[in-house]
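User: Hi, can you walk me through this one? I'd like to ask things as we go.

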Amino acid sequence: MRSIDLLAGTTILSMTLGCAMAQTTSSPAPTPSPQPKLVYDADFFGGLAHDQDIPTPRELLGFEVGQRAATHAEIEACFKAWDSASDRTRMFDYARSYEDRSLYYMAISSPENIDRLDEIKSNMAKLADPRSIDAAEADRLLANTPAVAWMAYAIHGDETSGADAAVAAAYHLSACIEPDVTEMLDDLVIIIDPLMNPDGRDRFLKMLREHRGNVPNVDAQSMLHTGYWPWGRTNHYLFDLNRDWILGVHPESRGRIAASGAWHPLLFVDAHEMGSLDTYLFSPSRPPVNSYLPERRKHWWDVFATDQAHAFDQFDWPYYTGEWNEEWYPGYSSSWAGFRGAVGILYEQAGIAEDAVARPEGTQLTFRQSVHHQYVSTMANLKTLHANHEDLMREFVEERRNSVSADGPFADMTFAITPTGNQTRLEQFLSLMQVQGIEVYQATRDFSAPATDQLGVAHDDMAFGPGTLLIPARQPEGPLVAAMLSFDMKMPESFLVKERRELLRFGRSLLYDVTAWNMTMMHDVMAHQLSSGLPDGAVLYEASARQGNVTAADGGDTTLWVIDGRDDASVACAAHLMERGLRVRVADKEFNFDGRSFPRGSVVVTRNDNPGEPGPLVEHIAAVCDEFRIEAIGIASGLGKGVEVPDIGGEHFVLMEKPRIALLSRGLLNAYSYGAAWHALDHRLGVRTSQLDVAQASFGGDLRQYNVIIVPDSWGPSPVASLRERLKPWVEQGGTLIAIGSSAAAAANKDAGMGQVRLLQDVLGDLGEYELSVLREYRGRNETLDMEALWSHAPSEAIDYPWESAGAPLSGDEAKKRDAWQRVFMPQGVMLAGRVDDKSWLTFGLRDFVPTLFGGSTVLMSKTGAEAPVRLGVWAEAAEEESPALETEGDEVVEGESESDSESESAPAPPARIGWTTPPAGVELQLRMSGLLWPEAAHRLANSAFVTRERVGRGQVILFAGDPVFRGSTMGTGRVFINAAIYGPGFGASHPIRPDRRH
């Protein structure tokens with residue numbers, strides 16, 4: 001292959017720009033000064049022979065691999081050409097992105113293996129489930145089945161080099177005629193997934209084109225190398241797809257999970273990039289390593305790393321392993337694959353978007369060389385797999401046998417899911433289990449078993465009924481089941497000591513991601529972890545297709561329809577009915593019509609509110625119910641049945657106001673937070689949402705067009721502060737402002753003037769007021785009466801004031817010192833129990849507590865006058881402490897050793913203070929559900945508000961301390977968010993009566 005002069009290539013691109021300019025200007029752009037360090041002329045393929053009938057990348061692209069980043073369309077054209085030209089390849093589509101770009105992979109192997117690909121995949125499926133084959137059949141399959149590798153690239157769109165390396169690898173493997181390659185293809189099926197995030201990549205390449213100039217640029221800080229908000233890392237809705245492997249939210253992920261899972265690869269490579277001035281990182285990872293990852297992965301990491309290092313040493317390239325990438329969160333691609341049976345390997349190449357980047361040692365790393373690094377890593381790992389494929393295949397089968405064994409590690413681990421009225425939520429959870437290849441069973445009879453609930457409370461013998469869903473870890477995907485569903489995985493002490501010391505010395509964490517992700521908690525479905533296998537009579541669960549339906553009233557004309565408010569889809573139905581012009585009510589209290597009970601939050605559509613011909617009204621309701629596969633129940637009479645049950649004309653059926661939603665965007669807003677909110681509104685609910693540029697909103701625009709404005713978390717100063725002069729009067733005139741994370745913190749700043757919710761660090765001298773509010777809330781739900789004292793004619797001698805039983809509050813100085821210390825230990829991402837205010841409209845659809853994924857340092861403080869619909873920590877009856885041993889001497893009882901102990905009684909000590917609050921007598925606070933929570937952080941967070949709601953003028957401010965729709969997967973707090981966005985204008989804000997206007 002002839003040498004490639006990247007300077008010349010860059011000049012060609014620049015000349016293209018220059019020629020276009022020359023037609024309208026007096027002279028072309030000058031030729032850039034020579035930059036010899038931009039030249040990287042290495043032959044990727046080392047002079048090896050290739051089939052001349054297979055077109056080269058240069059012939060297909062018009063430039064050499066790595067001269068610039070290829071677009072999705074260019075890469076796809078290459079793969080289609082090789083699929084047609086080579087008898088070693090077969091191409092498969094597995095998904096389409098939100099922007100309708102294709103996602104595909106290419107299987108490359110010997111022509112003989114390509115002809116029997118279906119058989120090979122079937123053989124791997126049989127080996128993956130040892131229950132279906134005996135030992136002799138397993139041996140036969142092992143002897144006749146090639147090992148599978150899945151090589152995946154560019155899941156982050158602005159990490160470009162991997163996809164271009166995939167082009168080089170696909171060409172080499174499909175065209176090279178050297179024995180080393182042909183023998184490898186006899187024993188392996190190599191699957192190349194070249195571009196896992198086409199939307200993000202093409203977005204980023206557009207940014208490169210916008211900033212590509214006449215002169216090459218080697219400054220890592222230049223926008224040519226960095227791009228701009230929201231950059232190219234994420235998919236269309238700005239989600240990080242490399243966190244989505246266990247969550248399965250997006251079509252790219254769901255298609256890839258199903259496709260790669262069906263092949264059961266033994267090697268899974270995930271090629272990434274990192275900071276431009278770094279070098280090259282590859283596996284193994286450093287601690288903590290997830291305890292459910294099979295132990296032999298560590299051995300194979302070392303084997304693959306040794307060979308990969310040797311390959312880099314041949315070029316004198318720098319590299320390192322395990323300095324910052326840990327293996328705790330199972331939702332990265334290579335980590336997820338490790339639980340499925342593969343050796344998962346991560347690549348992290350110094351990111352070079354174009355041209356080259358000047359490095360501190362005086363060199364320049366070109367984009368083409370970064371592509372070469374990824375290509376060399378790819379081939380090195382494939383050679384290691386080839387050399388060890390027989391051992392890896394045998395270990396794969398043995399691991400699977402261990403997972404399904406009655407004596408294996410998962411024999412006594414089962415997860416029981418309680419049936420729920422929130423069918424939409426449950427179906428989402430079960431759909432995730434299905435795409436992950438996880439078996440779900442259903443109980444057909446009553447049974448009991450030792451169980452632990454989601455709050456960590458153990459039950460020796462808990463009863464479950466028919467219909468309970470059961471997920472045993474004793475199944476072929478046992479490690480993945482355990483990793484995704486175990487309630488409370490604990491990190492090893494050796495790592496925790498290092499982590500704590502790192503926090504104390506340097507104020508930084510060694511953890512790379514969240515420490516809690518339990519899927520039942522993320523979906524907020526009630527579950528228990530059983531210390532047993534499947535009960536007798538359990539059968540495989542078979543999902544039935546749920547359809548939308550509209551019923552007529554029994555025994556009379558239908559006057560109204562009700563949609564059950566437990567189901568998350570009820571909120572979407574309400575929004576869509578309002579968008580169709582219907583007037584909708586939502587009940588803020590449980591009710592009973594026609595002998596049927598309905599929960600608070602149920603959606604009600606009446607004929608009286610929507611006069612006219614009944615046909616079109618029913619058609620609208622039916623269309624919406626069909627869309628969301630939910631039932632609207634016809635009711636004849638709106639008279640409540642029972643004591644204190646509301647009637648349709650009373651105050652408990654609140655008329656909604658159609659939401660007109662604006663979502664602030666760009667600036668320094670957190671793109672992930674913005675994307676999660678956008679996805680919830682646009683994709684899950686399907687409601688109209690306007691995206692407002694922060695800069696444009698600062699200088700103009702009519703905010704009166706909107707009655708809901710959402711401000712996501714921010715990476716810098718929140719626009720809540722910069723837009724204060726516009727947002728405050730808008731709220732006071734009837735707007736609903738929803739702010740998240742650091743934007744909620746900005747709204748809670750006293751200078752914002754948007755209510756009385758404050759940050760903890762700003763009220764350390766006034767903690768008594770906030771403690772009293774917590775105790776008042778508790779008594780408001782648990783108060784009992786002494787009827788004799790109440791009706792006494794004489795004043796009671798004693799009044800039980802809650803603060804009298806509390807410990808002495810901290811002084812301001814001591815509180816400040818403690819808060820500064822506690823902030824050091826704030827969580828990376830932990831699942832906390834949030835106690836739910838059952839009288840707040842924001843908590844429609846929730847049970848008594850809601851799993852709350854919390855990370856960061858925003859601690860919201862709410863006192864009387866501002867509601868806290870969700871506070872952190874659930875009150876529970878305190879465990880009884882064992883009394884000290886008693887010694888008896890005749891009729892005299894002596895306790896302890898001190899004489900004074902038997903002669904006097906001292907007043908009971910007040911309950912121990914938890915942070916800034918003393919628990920009420922006889923109760924304790926259950927806070928942590930799953931993940932790492934240092935005691936100091938627990939004291940800082942306990943009883944703080946995760947959600948606040950406060951009336952400000954005619955409008956309201958709703959604050960979330962953390963992201964309620966984190967990664968599109970926190971369904972419980974996500975319900976609070978959609979309640980706020982859709983129901984806020986109707987429940988929490990005042991609007992003028994408009995008798996002549998329809999919605």
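User: Where is Trp-803?
Analyst: This is a predicted model. In it, Trp-803 lies in the loop between helix H27 (787–790) and helix H28 (812–823).

User: Is Trp-803 buried, exposed or partly exposed?
Analyst: Partly exposed. Its relative accessibility is 47%. The cut-off for exposed is over 50%, and buried means under 20%, so Trp-803 falls in between.

User: Which residues make the nonpolar surface patch there?
Analyst: Leu-772, Ile-799, Tyr-801 and Trp-803 make it. The patch covers about 400 Å².

User: New topic. What about strand E28: mostly covered or mostly open?
Analyst: Strand E28 spans residues 661–665, and it is mostly covered. Five of its five residues are buried.

User: Which residues sit on which side of E28?
Analyst: Ile-661, Leu-663 and Ser-665 are on one side. Ala-662 and Leu-664 are on the other. Both faces are covered.

User: Why the every-other-residue pattern?
Analyst: In a regular strand, side chains alternate between the two faces of the sheet.

User: Which strands does E28 pair with, and how many bridges join E28 to each?
Analyst: Five bridges join E28 to strand E29 (residues 689–693). Three bridges join E28 to strand E30 (residues 708–711). E28 runs parallel to E29, and E28 also runs parallel to E30.

User: What stands opposite Leu-663 in E29?
Analyst: Gln-691 does. In E30, the bridge partner of Leu-663 is Ile-710.

User: Let's switch to salt bridges. How many does a search of the whole structure find?
Analyst: It finds 54. One of them joins the side chains of Glu-99 and Arg-101, at 2.6 Å from N to O.

User: Are Glu-99 and Arg-101 buried or partly exposed?
Analyst: Glu-99 is partly exposed, with a relative accessible area of 34%. Arg-101 is partly exposed too, at 21% relative accessibility. The buried cut-off is under 20%, so Arg-101 does not count as buried.

User: Which parts of the chain does the Arg-233 and Glu-159 pair link?
Analyst: Their side chains meet in a salt bridge, at 3.4 Å from N to O. The pair links distant parts of the chain, 74 residues apart. Arg-233 is in the loop between H10 and helix H11 (251–263). Glu-159 is in the loop between strand E3 (147–153) and helix H7 (161–175).

User: Why does Glu-159 count as buried?
Analyst: Glu-159 has 7% relative accessibility, and the cut-off is under 20%, so it counts as buried.

User: Which other residues are in a network with Glu-159 and Arg-233?
Analyst: Asp-240, Arg-243, Asp-513 and Arg-967 are linked with them in a network of salt bridges.

User: What about Arg-201 and Asp-164, buried or exposed?
Analyst: Both are buried. Their side chains meet in a salt bridge, at 2.8 Å from N to O. Arg-201 lies in helix H9 and Asp-164 in helix H7, so the pair ties together parts that are 37 residues apart in sequence.

User: Last one. What does the side chain of Asn-214 reach?
Analyst: The backbone oxygen of Pro-30, at 2.8 Å. Asn-214 is in the loop between helix H9 (198–211) and helix H10 (223–226). The C-alpha atoms of Asn-214 and Thr-31 are separated by 8.0 Å, yet these residues are 183 residues apart along the chain.

How values were computed:
Residues are numbered from 1 along each chain as its sequence is written. This is a predicted model: local features need pLDDT of at least 70, side-chain atom pairs count only at pLDDT 80 or more; totals for chains, interfaces and linings use all residues. Side-chain values use heavy atoms; hydrogens and water are left out. Buried means under 20% relative accessible area, exposed over 50%, partly exposed in between (1.4 Å probe, protein chains only). Helices (H or I, at least four residues) and strands (E, at least two) are DSSP runs, numbered from the N terminus. Two strands pair if DSSP finds at least two bridges between them. Patches are made of residues with over 30% relative accessible area and no salt bridge: like charges are joined within 9 Å, nonpolar side chains (Val, Leu, Ile, Met, Phe, Trp, Tyr) within 5 Å. Accessible areas come from the Shrake-Rupley method with a 1.4 Å probe; for residues, only the protein chains shown count as cover. A salt bridge is a side-chain nitrogen of Lys or Arg within 4 Å of a carboxyl oxygen of Asp or Glu. A polar contact is a pair of N or O atoms within 3.5 Å; within protein, one must be able to donate a hydrogen and the other to accept it, and residues adjacent in sequence count only if both atoms are side-chain atoms.
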